[in-house]
Structures are given as structure tokens and as C-alpha cells.
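I opened this entry to record what I looked up around the ligand and at a few backbone positions. The notes follow in the order of the look-ups.

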Amino acid sequence: MSARATELDRDDPLAEHRKRFVGAESALVYFDGNSLGRPLAVTAEGLGRFVEQEWGQRLIRGWDEQWYDLPLTLGDRIGRAVLGADAGQCFVGDSTTVMLYKLARAAVDAQAGRDPRRTEIVVDRHDFPTDRYVVEAIAAERGLEVRWIETELDLGITPELLSANVSESTALVLVSQVSYRSAHLVDAAELARITHEAGGLLMLDLSHAVGVVPVELDAWQVDLAAGCSYKYLNGGPGSPAFGYVATRHQATLEQPVHGWMGHADPFLMGPDYQPSAGIRRFISGTPPILAMQPVADMVSLIEEVGIEEIRAKSVALTGFAVEVCEEILAPLGVVLISAREPAGRGGHITLSHPHMRAVNAALWQQDVIPDYRDPDGLRIGLSPLSTSFEEVRRGLEAVRDTLLAIDSDSATGG
Ligand SMILES: *Cc1c(COP(=O)(O)O)cnc(C)c1O
């Protein structure tokens, strides 16, 4: 297996990019790129330069020179590089939670204005907590109902499940393209078709998808989307979210957090709020310019490499992890929760065993860093540009050794 990992690394056309990430060539095994990506080395220099030059010397003039437009220009770059979105539909700012709230509330209000019988927000019972909480809060605030899709704990939304849950009452459907728990990858084009046939709007949460699986928001006719920039876009802890609103909806959607930066004429400082034309109306207050710098660095690297190439490496990495798991972990009772077929999974895989909570804690002590999700799930997140096949092998062998140690401890009553 060691020879096979070496061979895969040798033949990997993207292997050279690893050394661009801080710490990627250290002995630490990092399986959490789906949660917080590693920093790029250029980001360390770029942030220093930003403080010294742009902030330090341009000072407030920086707003006129480029910061005022950065949420939109960076949004356009993200749209082109990884979202399949034409210019003028994406922007950066807020946390993903706040972004989900603003866009979902704008969508349900527009739907209610069109047809007051559109009272349901449809969402996966096992979606990421923030998505569920936001939807419940909007429903309570606007007198709507949440319609929960009862997915299997470790699966995601299928066309059949969605069809059974949309109707003439559907206002909005919120779906994670890649499920955070199982990595289940939905057929978003088909879900958009089903949602539209019922008269609803489809909003995608792309947090676990962006930068690792190809996304084609325009071609799939998705209505709205939001996602994180600190996972596979390596923006760093708390880097801002991106949002997408299809051009056809921009004039009719009014987001609830009115602020001066989304005003038609912000420097008029006028008495009334007048939303800007176009995507700018979805911005609220002063955007986090500093926190956008690392995201821009990673987008540059993705532009250079190409998302199709990144997906190919991702499929190879998760495929190798599945192979190793079958050989050395399945005999110990470990079960693969994620799809065996690459087309059915995103950039991570989840392994299940009753001892995984303890395994995860023990692995962190040895500088092997996956994460644990209840119940019994060990998530192995493989960031394609910073992870090697050798790292996957070492990490999964550590999982095996740790499981064996815990099993023999419990066998001897230790
Ligand atoms: C990571 C993640 C979030 C995180 O939201 P924050 O506001 O950035 O904390 C939201 N939704 C999904 C599906 C995620 O995977």
C-alpha cells in the first residue's frame, strides 16, 4: 500500500501545488480541509503587504480605489472560477449563517408576494445545524411552515425524496449540494427542475462543495446560493461567505438587513433606504476587506489549476481512501457511510465505528487530525491541492492502529 501511495503521488499532476501551502509537507496528517483549509504561503506575505501598503499607505483612499467594489469583483471571480456563474450575480460578505438568512428571507417574501399560499420552506432533516436553525427562525418570523425531508441519517436528498415533498405550497427549497455529514452529492440540476415544476425557488448551500466539486449555477437554473470561503477556498478562520442571486430575481428580491453599503447611492447618506440596482443590494454594511485577501489568493490558484482537474484529484484521493479503508479498516468493523461511487460523493468520506469518538481524540494526540460527527462518524476531509496520497495512507493506518489499541484495551478491561 505504501508503494501504491508513492506511485499515485508520483503520477499526480497536481502534486507540485502542495508545497504552496503552509505546513503541508510537515509530518502532521490533516484530514480537515473540508472544515478549515490550510493557508497558502502567499497569503502570509500578502497579508503583511496589505497592512504595509494598501491599508497603511492608501488608508481611506483604498475604498475608492478598490475596496468598495471588492465584494463584487471577488464575487465575480469566485463565480467564474468555481460556481459556473456569469458576472453580476455573486458577492462576498457576512457569515454563511447571515447570508443564508438574508437570501432565504428575501426569497420567501418574494414568493408570498406572488402567491400567499406559498407557505412552506423545504429542508433536509439532517442538514447542517445553521441551515436548519435559520429556516426555523424565518418560518417563525414570517408565519410559514418548515417541511422536513426525512432523509436517512447518512444519506442526502434524492430527486424522489424532493418530489414527494414539494407542492403548490412550496415557497423555497434549501439543499446542501454536498452533505456535511456523509458527503452525499445531489443532482442539483434535477432538484432545480423538480422545485421549479412545483413553483418553488431552489437555494443551494455550497459550503462543502465549493472549490472541490464543479458547480454550474447558471446552467442548472439554481435561483440562489450561499457558501463558506474557509473550507476548500482556504480563506482562514471566519473568512466571509459568498452569495449568488440569479439575475432574473435580483429586482424582485428584497433582503432584510438594509444597510448603507447596499444603498443605491451610499454617499448621499439620504433619509431613506433605496436598494441599489443589481447584486449590490444584497450587501448590508462595510464588508470584511482584510478577510477577503486569503480567499482571493486561493481563487487565483484555482483559476490556474482548474476546477475539473481539482475534482479529478479529489475523486482519486477519496477513491484511494475507500480502497485503503476496505483493506485495513473494514476487517475491524469500520463501515463506509459515504457513497462508494465517486459520482455520489463530494470531497470527504465518513467512516463509522462505535469507537470513533475515542479514536478521533487519540488521533489528535498524535498529530493526525480528522474530525468526529455524531453518531460514530469519523470524517476524512481531503483537500485536493494540499493533501497527498501518502498522507492518506499514513492517516488511515493511524486509524487502524488506534482502533486496535482501543479494542485490545477494552478486551483486557484496561
Ligand atoms: C460550514 C457550514 C456552515 C457554516 O456557517 P458559518 O456561518 O460560516 O458558521 C453553514 N452551512 C453548511 C452546510 C456548512 O457546511
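Predicted model: local features only at pLDDT ≥ 70, side-chain atom pairs only at ≥ 80, totals over all residues.

I began with the ligand and found 13 residues surrounding it, the closest being T97, D131, H208, Y230 and K231.

Residues are numbered from 1 along each chain as its sequence is written, and side-chain values use heavy atoms, with hydrogens and water left out.

**Ligand contacts**

I looked up polar contacts next (pairs of N or O atoms within 3.5 Å; within protein, one must be able to donate a hydrogen and the other to accept it, and residues adjacent in sequence count only if both atoms are side-chain atoms). The side chain of T97 has an N or O atom 2.5 Å from an oxygen atom of the ligand. A nitrogen atom of the ligand has a polar side-chain atom of D205 at 3.0 Å.

How much of the ligand's accessible area does the protein cover? I read 86% of the 390 Å² that the ligand has on its own. These areas come from the Shrake-Rupley method with a 1.4 Å probe; for residues, only the protein chains shown count as cover.

I noted that α5 (96-114) and α6 (129-142) are the elements that give two or more residues to the shell around the ligand. Helices (H or I, at least four residues) and strands (E, at least two) are DSSP runs, numbered from the N terminus. By class, I counted three nonpolar, seven polar and three charged residues in the shell. Here Ala, Val, Leu, Ile, Met, Phe, Trp, Tyr, Cys and Pro are nonpolar, Asp, Glu, Lys and Arg are charged, and the others, Gly among them, are polar.

**Backbone**

Most residues other than glycine have a negative phi, and most peptide bonds are trans. I therefore listed the exceptions with that rule in mind.

The peptide bond from D374 to P375 is cis, with omega near -15°. P375 sits in the loop between β12 (371-373) and β13 (377-381).

A183 has a positive phi, near 70°, and lies in the loop between β5 (170-176) and α8 (188-197). Is A183 buried or exposed? A183 is buried, because its relative accessible area is 0% (buried is under 20%, exposed over 50%, partly exposed in between; 1.4 Å probe, protein chains only).

D367 also has a positive phi, about 60°, in the loop between α13 (356-365) and β11 (368-369). With a relative accessible area of 43%, D367 is partly exposed.

**Separations**

- V146 is in strand β4 (residues 145-149) and is partly exposed at 21%. Its C-alpha is 9.8 Å from that of L172, 26 residues apart along the chain.
- A137 lies in helix α6 and is partly exposed at 41%. A137 and S229 are 92 residues apart in sequence and 24 Å apart, C-alpha to C-alpha.
- L14 is in the loop between α1 (2-10) and β1 (29-30) and counts as buried at 7%.

Conventions: Near = heavy atom within 4 Å.
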